[in-house]
Amino acid sequence: MSEPLAFDTAKFRQVLGHFSTGVTVVTAHAQGTPVGLAVGSFASVSLDPPLVAFFPNKASSSWPKIEDAGHFCVNILADTQEEICRRFASRSEDKFAGLGWRTVGSGAPLLDGVLAWIDCEIEAVSDAGDHFFVLGRVRDLGMSHEGAPLLFFRGGYGRFAL
Ligand SMILES: Cc1cc2nc3c(=O)[nH]c(=O)nc-3n(C[C@H](O)[C@H](O)[C@H](O)COP(=O)(O)O)c2cc1C
């Protein structure tokens, strides 16, 4: 049996919310349909070989489709894209309706207006509690738009003060 915890989930969320992140949308083309979810747990992992990672929740409905596709594209959102983040953080059936995008090499959608993108093949997936740990091998990447990043801090959106 595990030890009783000295904190509850509300405190865990509150304390961890003090770590500010950028915001990405992780996309894939799954059996002819574009899919994606908002992800703050993106990280650069290794330069040689080029690896990145993110942590999808086991409750995510998009993740099993991305896993099946075997690839994903990380779209780094600009500070003008809060509405896009909210849309991809929802469980809406067609998150791409009315959005501009094109496909990159893997077939994954690259959203219009993002600062930069990283196109990956899934290298490894492992268990991480109520999330999965997903390692991606970078196949291509680029910068597509000048601008400042969308930030997330203590449950709210923020902008970078230059
Ligand atoms: C700023 C922000 C960061 C998020 N980061 C993650 C994340 O790293 N992993 C994750 O599974 N969900 C994350 N989410 C929540 C998902 O985007 C959300 O649960 C979404 O509804 C999942 O959609 P799906 O069911 O289509 O996969 C984040 C949401 C926001 C607003």
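This note covers the ligand shell and the sheet of a predicted model.

1. Ground rules. Residues are numbered from 1 along each chain as its sequence is written. In this predicted model, local features need pLDDT of at least 70 and side-chain atom pairs count only at pLDDT 80 or more, while totals for chains, interfaces and linings use all residues.

2. Ligand shell. The ligand is surrounded by 20 residues (C-beta atom, placed from the backbone, within 6 Å). G40, S41, N57, S60 and S62 are the closest. By type, 12 are nonpolar, 7 polar and 1 charged. Here Ala, Val, Leu, Ile, Met, Phe, Trp, Tyr, Cys and Pro count as nonpolar, Asp, Glu, Lys and Arg as charged, and the others, Gly among them, as polar.

3. Where the shell comes from. At least two residues each come from β3 (33-39) and α3 (82-88). β3 gives the largest share, 3 residues. Helices (H or I, at least four residues) and strands (E, at least two) are DSSP runs, numbered from the N terminus.

4. The sheet. It is open, with 7 antiparallel strands ordered β3-β2-β6-β9-β10-β5-β4. Pairing requires at least two DSSP bridges between two strands. β3 and β4 (43-46) are at the edges with a single partner strand each, so one side of each lacks a neighbour in the sheet. From one strand to the next, the twist averages 35° (axes are lines fitted to C-alpha atoms; angles run from 0 to 180 degrees between N-to-C directions).

5. Around β10. β9 (residues 116-128) and β10 (residues 131-143) run antiparallel, joined by 12 bridges. A128 has H131 as its bridge partner. V52 stands opposite G136 in β10.
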